Number of protein chains: 4
Amino acid sequence: MQYIKPAFRNAFHTFTLSRFPLNPNPFILVSLPNLTFETFRRLHPVSSLSFSSMADGDNYAPSHSLEKQFEAFRTELEESGTLRERIRSVVSEIESTTRVMYATLLLVHQSRSINELLEKANSQIDVLKEKYKQLAQVLGGCSGQYYRYYGDWRSETQTVVSMLTFMHWLETGSLLEHQEAEEKLGLNNSEFGLDVEDYLIGVCFMSNELPRYVVNQVTSGDYDCPRKVLKFLTDLHAAFRLLNLRNDFLRKKFDGMKYDLRKVEEVYYDVKIRGLTPNGDSVGEKGVEG
Amino acid sequence: MQYIKPAFRNAFHTFTLSRFPLNPNPFILVSLPNLTFETFRRLHPVSSLSFSSMADGDNYAPSHSLEKQFEAFRTELEESGTLRERIRSVVSEIESTTRVMYATLLLVHQSRSINELLEKANSQIDVLKEKYKQLAQVLGGCSGQYYRYYGDWRSETQTVVSMLTFMHWLETGSLLEHQEAEEKLGLNNSEFGLDVEDYLIGVCFMSNELPRYVVNQVTSGDYDCPRKVLKFLTDLHAAFRLLNLRNDFLRKKFDGMKYDLRKVEEVYYDVKIRGLTPNGDSVGEKGVEG
Amino acid sequence: MQYIKPAFRNAFHTFTLSRFPLNPNPFILVSLPNLTFETFRRLHPVSSLSFSSMADGDNYAPSHSLEKQFEAFRTELEESGTLRERIRSVVSEIESTTRVMYATLLLVHQSRSINELLEKANSQIDVLKEKYKQLAQVLGGCSGQYYRYYGDWRSETQTVVSMLTFMHWLETGSLLEHQEAEEKLGLNNSEFGLDVEDYLIGVCFMSNELPRYVVNQVTSGDYDCPRKVLKFLTDLHAAFRLLNLRNDFLRKKFDGMKYDLRKVEEVYYDVKIRGLTPNGDSVGEKGVEG
Amino acid sequence: MQYIKPAFRNAFHTFTLSRFPLNPNPFILVSLPNLTFETFRRLHPVSSLSFSSMADGDNYAPSHSLEKQFEAFRTELEESGTLRERIRSVVSEIESTTRVMYATLLLVHQSRSINELLEKANSQIDVLKEKYKQLAQVLGGCSGQYYRYYGDWRSETQTVVSMLTFMHWLETGSLLEHQEAEEKLGLNNSEFGLDVEDYLIGVCFMSNELPRYVVNQVTSGDYDCPRKVLKFLTDLHAAFRLLNLRNDFLRKKFDGMKYDLRKVEEVYYDVKIRGLTPNGDSVGEKGVEG
């Protein structure tokens, strides 16, 4: 190695340093350079740096086979990317329909006519059904890959279930069954069904709505509501206890149901102790009569 | 209960609501400040109270149908739980086989005979193939649910790919193709294949091993190694650039490959500038001479 | 290697150091700005270099003694790993027994017959006792190491204590003593006892169940329950106050007991103010009369 | 229930509200009161609130037995509290001795005479030994409870091991064995030994010191140091690989050792490529000669 001009050496210096993006010692840069890697490049054109493959002959051309393979990957990734975009587009429509339904249902806390609200909310179910049909069509070409993209609409479906079960409960006082939920959404075929865990998580979300409902019903004068809700929630809680839940999201949601139960118990206690229950055995009056 | 002044009733009213320390609806307290339970009772005598929207009477028996349904859920959740345990057991064996292979391959950094190491590591591939066969059998009963449990072995498979591609590169200097990797693991059937993204992530992990390999090879006197690795990594990096990567894990891993490339360039620069490359064309001299 | 200007050498020097992007010793770059490797070489010719402080020559063979020692560690770590797995297996059985007991005891909030529930729950105590016996046997071989693995079943034991003390309180209205709890679980031998802190934490957990119990008892018409629970909880709280608690988990749990006490006081206040207590001495009337 | 004066009712109101420390609705407090719970207390002296136990007879006195039991707990908790304080006092002396040793050893990075530093640091070992003897004496009365309090000095002992092994390595170039470490600290009796995991963690900490040591040794002209350290660290890393580490702290520390290894490899690479190694086969010169 012979004499190298300082300026050029500095170029190496810069070159080297710029490779350490997290260099903690900016001080070094103070001693800096005026030549760049560009200069290095001009002096040593790429063509003069001959490369060969690791294999002892240099006669195989990795680039070609590599390129061909990655060309195939590109096509595949783009296809799955496009599919995903189509899924997301439908899911976003499901989400916005759900939001409309929820806005309607929330009025239940303001003592609006339940029948009217339910009618309005029910009209959205067919919209949802149509969306799930579209989703199934989008996924049509990739049988067996349902669970591959499934994470993309899972959370929205749980919300849908919470709406449907809440509405059904308002109508009938009972729990909308898994199969009934599938039918409402047109998901009752083998390929594209309603996952049981999602159904159960949706039911937990629905339970979270009940304490508020009870409070507002009592406020508006329905003193028998706490007893009915408590009965429903106690049964539901007991049914969940049958399941041997793993330590996962569903488990966590179910643990939360305990608090809903306690809150409803407290409201029931409140109306009971004041003798506000329909059968009229006012405990409050008792005290006075005694 | 006799006459109670409104002010007192308000106290009770507030009392009740204040039982919900996290009451999400403070609105109630604002809009009902002067109405009390007593007032409500007068407006809605107990007898007139009815759950118009809920099932009339208590004559439906939710407990039974509920219990039956949840009994079915229990069975289903237990089945999927058992399946998952069986999957995990096989995956843990895959992981420990991989650890053995990795311990062997690491010796490559100590300039041990590559042929010997490869022979030893290769002997584990059939073990892995057997494990993947077991995994396919475990999943046999649930066609179409491959992707449902897929997250349970995804990361292990990426590591397996990184081993296989590193070994193949040591042997041939070229990239083990996706299809070749599938064949080695016996995953080349339509139901249970090697996901392209996992293959690509595994390739990125393999790339992370190269800078260390180059440093140690130069230390032990192999001055041509950097050139070969640089050629390989440059081609690989360029091939990845063909892909339109989403903003996800693969993208992040690919971004890391850039650092591997830079480090290898640096080492190549080191040997080149000192004229240590086999053909002896010292860059330094050239630069001065040019 | 011929003449190289200091400036260039500095570049190399810096280069080397910059390989440590997280170099914890920036001081080096400050104190050695003008000294280069070349200078050092002149000052310390290669021949004079010696590891005065390290074993001279390479004639010690660390690999062998090292390997032998680590082989022993491997055995020891595997043994403790196996022991831990056996412990965890028993602990998981304790946990699932406890869950069954808890599911039974929860029915107390629905005004079921306490005797029946207690009988059912009591039948599980012998199962627990058997599990603790197994745990003692598993630990048999490692006398003096009780506290080494103790963290593995600590939390489960606290839950067990909370069940036992709740059941005992339902039966007798008094606190199950530490020694009685030990006897029920067969832990009354010197080697493997029930840690006092765990007993106390379990008692705190039990206290957390009382407010809900009181609310539901009053709802179902037992107006004397709040007075009894309040008396019990007041005494218990006072007893805890005797202890000089450190700033730890037990302390935190005890602090929570204060809220249980307040809630029960509140319910007692509710029944008292309405004259619902058995002896009929309505506070409200009294207050007015007084 | 008869007429109750408004002012008094407000008192109840306050009373109630003040029990909800997390009341999100401070608005309620605006409507507040001038009478307090004190008034309530004066009107209803404690003596007039008769309590009885849950047990049907009121003839058992829970307070007494409860108090007696908690009195025993108090004694026990205070004893263990005192013991803990005594442990902490010794441990804090161990920690400060270790700090002195570390300050001495750090000078090794500034090319001070190793022999002098080691002599100084070695003189502290007897101090440490004495402290561990004191610790054993403090724990003397509680045989079998070693692991109960063990967390209180665990981390300090790991640091002690890292010092001892670093010093031993500086002296001999080999790893201080577990048994030797125990002897140095006088821990070689069955009751109070040196936990293997702590020894191994200490060794990992020691490994973290080596990259910096190598950098500074090369800076001060010792070009053979990287080779020796690399040999030691490679052997150590391979030995650790024999262990089947659980997914815990030790595992994490061991994973970090990989980075120490890489850094030392890079420094070795640096001296090698510049022909600075003692055997004089300057690769740099080669290029010039060619």
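Which residues of α4(A) are buried? Leu117(A), Ala121(A), Leu128(A), Lys131(A), Tyr132(A) and Leu135(A). Buried here means 20 or more other C-beta atoms within 10 Å of a residue's own; exposed means 12 or fewer, partly exposed is in between, and C-beta atoms are placed from the backbone.

Some ground rules. This is a predicted model: local features need pLDDT of at least 70, side-chain atom pairs count only at pLDDT 80 or more, and totals for chains, interfaces and linings use all residues. Residues are numbered from 1 along each chain as its sequence is written, while chains are lettered from A and ligands numbered from 1 in the order in which they are written.

Chain A, then. It has eleven helices and zero strands. Helices (H or I, at least four residues) and strands (E, at least two) are DSSP runs, numbered from the N terminus. Of the 290 residues in chain A, 38% are buried. Take the contacts in chain A with a separation of 6 or more: 67% of them join residues 24 or more positions apart. A contact means C-beta atoms, placed from the backbone, within 7 Å.

Back to α4(A), residues 114–138. Its 25 residues should span 36 Å at 1.5 Å a residue, and its end C-alpha atoms are 36 Å apart, so the two agree. The expected span is 1.5 Å times one less than the number of residues.

What does α4(A) pack on? Helix α6(A), residues 154–172, at an angle of about 145°, with the axes 11 Å apart. Axes are lines fitted to C-alpha atoms, for helices over the stretch in contact; angles run from 0 to 180 degrees between N-to-C directions. From α4(A) come Ile114(A), Leu118(A), Ala121(A), Asn122(A) and Leu128(A); from α6(A), Val160(A), Met167(A), Leu170(A) and Glu171(A). By class, that is seven nonpolar, one polar and one charged. Nonpolar covers Ala, Val, Leu, Ile, Met, Phe, Trp, Tyr, Cys and Pro; charged is Asp, Glu, Lys and Arg; the others, Gly among them, are polar.

Chain D next. The axes of α4(D), residues 114–138, and α6(D), residues 154–172, come within 11 Å and cross at roughly 145°. The residues of that contact divide into seven nonpolar, one polar and one charged.

Last, chain B. Helix α6(B), residues 125–138, has 14 residues and reaches 20 Å from first C-alpha to last, close to the 20 Å expected. Leu128(B), Lys131(B), Tyr132(B) and Leu135(B) are buried in α6(B). Down the helix axis, these buried residues fall within an arc of 100°, so they line one face of α6(B). The arc is that of the directions from the helix axis to the C-beta atoms. On the other side, Asp126(B) and Gln137(B) are exposed.

Terms used:
Two residues are in contact if their C-beta atoms, placed from the backbone, lie within 7 Å.
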